[in-house]
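Student: I've got a new model open and I'd like to learn how to read it. Could you walk me through it?

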Amino acid sequence: MLNDWSGQTFPRPTGRKPIVGDVGTIRPGSPLQSVMENCGDLGPIFELKVFDQKFVFVSSAELAAELSDEKRFEKALSPALLALRDFAGSGLFTAYNDETDWELAHTLLMPAFTKAAMQRYHPIMLEVARELFGAWDGVDRPVDVSADMTRLTLETISRSAFSTDFGSFSREEPHPFIPAMIEALRFGQRKGSLATMPGAAMLMRRIEKRNAHHQAYVDDLLDGIIAERRAEPTGTGEPDRDLLGIMLNTPHPETGARLNDLNIRHQILTFLVAGHETTSGALSFALYYLSRHPEALAAAQAEVDEILGSDRTAEPTFEQVPKFRYVRRVLDEGLRLWPTAPAYTRTPREELTLSTGHTMRPGDWAIIVLPMTHRDPAVWGETADEFDPDRFTVGRSRGRTPQTYKPFGTGERACIGRQFALHEAVLVLAMLLHRHDIAGDPDYVLRIAERLTLMPQGFELTLTPRG
Ligand code: HEM
């Protein structure tokens, strides 16, 4: 058994079957929501067995905080992340902790997320937001929120990080790179879920063959972007203007090492993937909750009106973005209820005993299920399932252990793009609410699509320009 925890067992749902294990409790297409529904009463730590693979999950905020202690624990690669390595190699997200590529890329890319760097991305974020609002002008039917937010965030990350324009708002059909990337990713996920199934090797080879052309298209396009940039004559433009420039031109400050082209391709893919659906989902959930909570919508609109004034086309300055405190709380609360990167995995640095009494050795791993830990009544009270942005006021946050709210992960492997995501999301949400009144379909029931990330599905908004 993989991830056997030296034979220790944990509470599990009823109905385990020989060979397949607990597969019956997992709905295809929505494993996370199945875990939330079927395992909510199993206590702070529980297990599911899928064929030969044991998954250990943590659902209590207290135990999650314990495993987030960076001195005693570190990131582990879950089977889902391992499967992604075919696609994203040792890119930042999927690298092992001790891989030299991780340290190198982390050191080189941290400066791309400083305040000064964020100031460079601000005009790009505004430009893409302007394109989105332009595309909405004159549209007289409800808009598909997740689809449009995804176009926006993909365009923002690709222009900011690689100076590449996918024309998301000018083309009728998405750039062919986008469906190819999604297909290649989907393949990675399928491979992850098949990995422990007996006899999966043949099936895997067949899917692999079917995916090959998507993967080849993605690889060629990215290698082309890298080659084009390499061919730029030196002394033109600003070589370090974006992440690609930094990766191509900057050596490690101490060792002088540089990233090779394959690793740069993996990093580009990593940033494109990690940097768009997560933020798009965060914006979409925020809009969903605002459409259901008129008092929160009114408070958010009062704030944006106060800061941006009466000109509906006003755009926030870089310095104004952190002033939208209520808008930020709406996003924070949306990410509490539906953290769009919903889990991360931890393993101990040395053998230890958990507060639950279980022994955990290096190599044993547990998945922190954020939508469960973020709704633990011990931290968030009896109304934990309800949307209440004011949980994040300074007063109400006082005394709350920071380790109990972790939508951006934890420790040295936490999200490098956190500031980028929050700046972009606050800016777009503030502009949108300043320009438009929003109304959701009262009959819509929140459905959540699970890919690598979480996203409201089929959620539409009617937008009315504000007078
Ligand atoms: C609301 C938006 C976002 C959320 C909720 C989010 C969440 C996360 C989480 C939970 C992790 C840790 C995963 C783990 O421990 O296995 C992570 C890592 C990462 N994120 Fe984000 N992320 C967001 C936006 C972004 C953006 C905009 C970028 C790029 C500009 C980005 C790039 C990355 C990268 C490269 C890593 C890997 C870092 C490392 O291990 O060194 N993310 N993110």
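Student: Let's start with one pair. Which residue in strand 2 stands opposite Ile45?

Tutor: Val58 in strand 2 is the one opposite Ile45. Before we go on, this is a predicted model, where local features need pLDDT of at least 70 and side-chain atom pairs count only at pLDDT 80 or more, while totals for chains, interfaces and linings use all residues. Residues are numbered from 1 along each chain as its sequence is written.

Student: In what sense do strand 1 and strand 2 pair, and over how many bridges?

Tutor: Two strands pair if DSSP finds at least two bridges between them. Strands (E, at least two residues) and helices (H or I, at least four) are DSSP runs, numbered from the N terminus. Here strand 1 (residues 45-50) runs antiparallel to strand 2, with six bridges. The two make a hairpin with two residues between them.

Student: Is Asn3 buried or exposed? And what about Phe51?

Tutor: Count neighbours: a residue is buried if 20 or more other C-beta atoms lie within 10 Å of its own, exposed if 12 or fewer, and partly exposed in between, with C-beta atoms placed from the backbone. Asn3 has 21 other C-beta atoms within 10 Å, so it is buried. Phe51 has 18 within 10 Å, so it is partly exposed.

Student: Why is strand 2 largely enclosed by the rest of the structure?

Tutor: Because five of the six residues of strand 2 (residues 53-58) are buried.

Student: In what order do the strands of that sheet lie?

Tutor: It's an open sheet of five strands, ordered 1-2-8-5-3, with mixed pairing. Strand 1 and strand 3 (73-75) are the edges, each pairing on one side only. From one strand to the next, the twist averages 35 degrees.

Student: Where does the mixing show up?

Tutor: Strand 2 pairs with strand 8 (residues 366-369) in the parallel sense, over two bridges, and Val58 has Ile368 as its bridge partner there. Strand 5 (residues 343-348), by contrast, is antiparallel to strand 8, with four bridges. Tyr344 stands opposite Ile368 in that pairing.

Student: What is the order of the open sheet of three strands?

Tutor: That order is 4-12-9, and the pairing is antiparallel. Its edge strands are strand 4 (143-144) and strand 9 (436-440). Two bridges join strand 4 to strand 12 (residues 460-465), and Val143 has Leu461 as its partner in strand 12.

Student: Now helices. At what angle do helix 6 and helix 11 pack?

Tutor: Axes are lines fitted to C-alpha atoms, for helices over the stretch in contact, and angles run from 0 to 180 degrees between N-to-C directions. Helix 6 (residues 145-162) packs on helix 11 (residues 277-292) at about 140 degrees, with the axes 8 Å apart. That makes helix 6 oblique to helix 11: angles under 35 degrees count as roughly parallel, over 145 as roughly antiparallel, 65 to 115 as roughly perpendicular and the rest as oblique.

Student: Which residues of helix 6 and helix 11 meet?

Tutor: Contact takes C-beta atoms, placed from the backbone, within 7 Å. Among those meeting are Val145, Met149 and Thr153 in helix 6, and Glu277, Leu283 and Leu287 in helix 11.

Notes:
Contact = placed C-beta atoms within 7 Å.
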